[in-house]
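These are my notebook entries on a single model.

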Amino acid sequence: MAASRIISHPHRPFSPPPSQPHAHSSITLNFTLHPPKRCRFACVLRASLKENDLNDKADLFALPRPLTSTQLSDSVSDGPRLQVAYQGVPGAYSESAAQKAYPNCEAVPCPQFENAFQKVERWLVDRAVLPIENSLGGSIHRNYDLLLRHRLHIVGEVKYAVHHCLMANHGVKLEDLKRVLSHPQALSQCEHTLTKWGLVREAVDDTAGAAQYIAMHGVKDAGAVASSAAAKIYGLNILAQDIQDDCDNVTRFLMLAREPIIPGTDRPFKTSIVFSLEEGPGILFKALAVFALRQINLSKIESRPLRNMPLRMADDNSNGSPKYFDYLFYVDFEASMADPRAQNALRHLNEFATFLRVLGSYPMDTGTV
């Protein structure tokens, strides 16, 4: 039996974009593959998606028409405000990023990243804005995994400059502090400064949550590393500002929606994909070459072990012991899916990739942070 591979996109990925939006926002394209090479991966992928199925009665694929680039922001005040999910509590950097992405939105806090994905899928909110990488701390691996497990589309990106502050309850001085609470990435971004002050670092779920805890419990021997907005919300005193070790501290956030965006060529676009490959000499080089041959710049590549079946068995010469991981490769390239170069690159990659999915083709954030 032949397996199938899924490429999700608002239009067929290897033909010019339509002049009118489709009635549905997602078209599933099935490609017949030759057994037995890809059957194993298809089974694993189906199991992974089945594991995450929702019990909602609504058909998740019966979605509205695809978005246009002018619908990305609700800066126009007409109509109801967009509800945008973010991870954390009020005062989190993610809340500020959501408000930058959608200036007139109603930001909706979620305790975990997965809750934000689920709220969008279940039509409880309109969008989600979630971090994907930081210039100092690197990639947010959990969100890469969730992008594959959920049926949302990347419709934009926003870059947000992070400015960490050390804060404490009023009357508490820096010399009174013995420890500091914050998200692990925030603590690592301020490592040298906190070490200089001799403060013990304690990790919590998010920066604003640390500020909330300090305020609610009236803690006198501990401070929090969070945003100035969090200090204002929770009534804390800022003891020091811009305490990050590097002043160029920028987090890139993804804007997620149920509907994909119709890609264009009127502005710089970026496309995000995920794919897998068979093991073999030079196979990754061959995959990346499909972009180099067409002068398409890759801005990001991230590899993640395949869930549910991370280890592949070795050949007979190694006594059947596990030899290496199966990987998924997440790639961002600087081209629109409306660009024939991008269409041809994916057609080429599709010839030997065991799995390929377009996560989104969306305008690049070229503004200042």
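**Entry 1: two loop residues.** I located Asp242 in the loop between β12 (237-241) and β13 (250-257); helices (H or I, at least four residues) and strands (E, at least two) are DSSP runs, numbered from the N terminus. Asp242 is not a glycine, yet its phi is positive, about 50°. Its relative accessibility is 45%, so I list Asp242 as partly exposed; buried means under 20% relative accessible area, exposed over 50%, and partly exposed in between, with a 1.4 Å probe and protein chains only.

I then turned to Trp123, which sits in the loop between α3 (113-121) and β5 (127-134). Phi is positive here too, near 65°, in a residue other than glycine. Trp123 has a relative accessible area of 41% and is therefore partly exposed.

**Entry 2: basis of the values.** I note that the model is predicted: local features need pLDDT of at least 70 and side-chain atom pairs count only at pLDDT 80 or more, whereas totals for chains, interfaces and linings use all residues. Residues are numbered from 1 along each chain as its sequence is written, and side-chain values use heavy atoms, with hydrogens and water left out.

**Entry 3: nonpolar cores.** Which residues have the most contacts inside the largest nonpolar core? I found Tyr102, Val129, Leu147 and Leu256, in a core of 41 residues. Such a core is a set of buried Ala, Val, Leu, Ile, Met, Phe, Trp, Tyr and Cys residues joined through side-chain atoms within 4.5 Å. Strand β13 gives the most to this core, with 5 residues. The core lies between domain 1 (6-34 + 262-363) and domain 2 (69-162 + 250-256), because both give residues to it; the domain bounds come from an automatic or database domain assignment.

A second, separate core has 20 residues, among them Ile273, Phe329, Leu349 and Ala353.

**Entry 4: helix α2.** Is α2 (residues 93-101) largely enclosed or open? I found 7 of its 9 residues buried, so the helix is largely enclosed by the rest of the structure. The buried residues include Tyr93, Glu95 and Ala101.

Entry 5: I traced an open sheet of 4 strands in the order β15-β18-β14-β19, with antiparallel pairing; two strands pair if DSSP finds at least two bridges between them. The edges are β15 and β19 (355-363), each with a single partner strand, so one side of each is left without a neighbour in the sheet. On average, neighbouring strands are turned by 15° against each other, direction ignored. Axes are lines fitted to C-alpha atoms, for helices over the stretch in contact, and angles run from 0 to 180 degrees between N-to-C directions.

Strands β14 (residues 269-276) and β18 (residues 327-333) pair in the antiparallel sense over 6 bridges. Thr271 has Phe333 of β18 as its bridge partner. Helix α4 (residues 141-149) lies across β14, β15, β18 and β19 and runs at about 85° to β15. Helix α10 (residues 340-350) packs on the sheet and touches β14, β18 and β19, its direction making about 165° with that of β19.

**Entry 6: Leu298.** This residue lies in β15 (residues 298-305). Leu298 is partly exposed, at 29% relative accessible area. Not counting residues up to four places away in sequence, Leu298 touches Leu288, Phe291, Val331, Asp332 and Phe333. Its C-alpha atom is separated by 6.3 Å from that of Glu334, 36 residues apart along the chain.

Terms used: Contact means heavy atoms within 4.5 Å.
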